[in-house]
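Dear colleague,

I am passing on the structure we spoke about, and I would be glad if you could look through it before reading my notes. The notes come after it.

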Amino acid sequence: MRVRLGRDFGRLWSAYAVSTYGTWLAFGAFPLIAVDVLDAPAFAVSLLEAAGLAVAAVVAYPLGPWAEHRAKRPVMIAMDLVRFVAMASVPIAYVLGLLSYGQLLVVSVVSGAASIAFSAASGAYLKYLVRGDHLLVASGRFEGTSWVATAAGPPLGGALVGLLGPVATVMADAFSYLLSALGVLRIRGGDVAAPRDLA
């Protein structure tokens with residue numbers, strides 16, 4: 001029997017799915033831009049790939065508690081908007097002839113940090129939004145979405161890059177975050193923030 005988790009869960013799940021698929025669709029776009037547009041050397045391309053992961057390792061610890069003590073929906077919306085602005089800056093700079101390797105590196109770092117904060121907030125909000133006896137099903141849908149996006153996103157992104165080019169693919173990724181923010185904004189449920197320990 002299929003468990004009904006409510007419209008607000010559906011909106012949160014849709015927002016998570018859109019942003020996750022957008023991220024994986026553009027997974028290979030930055031290295032291609034670095035090579036094709038900026039003529040970056042191999043080491044610089046490797047550094048660009050590693051930057052987001054390195055940031056994840058460094059900022060994951062402080063970002064978890066930061067998100068815990070704040071209302072989750074505003075955090076998710078803010079992180080989506082940060083990722084939208086960061087990613088959209090790449091095609092805008094490209095059109096204006098101002099795109100640089102440094103900008104790609106900064107965008108990769110900012111986007112990685114915002115993704116961590118979004119994931120932390122969405123996971124905590126999911127526990128608030130869904131009843132305890134349905135949490136396993138809800139978490140399974142999130143996890144399934146993440147795995148499918150991880151598996152299918154890069155090949156689909158490669159096809160999109162081949163069709164539209166890496167810069168347009170990055171713009172599509174940027175719009176995925178905007179759609180995600182709109183999805184979270186439509187959630188009508190309450191919110192939750194862990195109280196701070198005053199001791």
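Predicted model: local features only at pLDDT ≥ 70, side-chain atom pairs only at ≥ 80, totals over all residues.

Residues are numbered from 1 along each chain as its sequence is written, and side-chain values rest on heavy atoms, with hydrogens and water left out.

The largest pocket holds about 830 Å³ of space, and among its 28 lining residues Thr 23, Trp 24, Phe 27, Gly 112 and Ser 115 are the closest to its centre. A pocket here is an open set of points on a 1 Å grid over the protein atoms alone, where a 1.4 Å probe fits, with protein on both sides within 12 Å along at least five of seven lines, and lining residues have an atom within 4 Å of a point. Grid points are joined across faces, edges and corners, and the volume is the space filled by probe spheres set on them.

At least two lining residues of this pocket come from each of α1 (7-25), α2 (29-36), α3 (42-68), α4 (72-95), α5 (101-129), α6 (135-164) and α7 (166-185), with the largest share, 8 residues, supplied by α5. Helices are DSSP runs (H or I, at least four residues) and strands likewise (E, at least two), numbered from the N terminus.

The second largest pocket has about 170 Å³ of space, and its lining includes Tyr 16, Ser 119, Phe 142 and Glu 143. Two or more residues of that lining come from each of α5 and α6, and α5 gives the most, with 5 residues.

The UniProt record, an unreviewed entry, lists residues 12-34, 40-61, 81-99 and 105-126 as "transmembrane region"; such annotations may be inferred rather than shown by experiment. In the model, residues 12-34 are 87% helix and 0% strand, with end C-alpha atoms 34 Å apart, while residues 105-126 are 100% helix and 0% strand, with end C-alpha atoms 31 Å apart.

With kind regards
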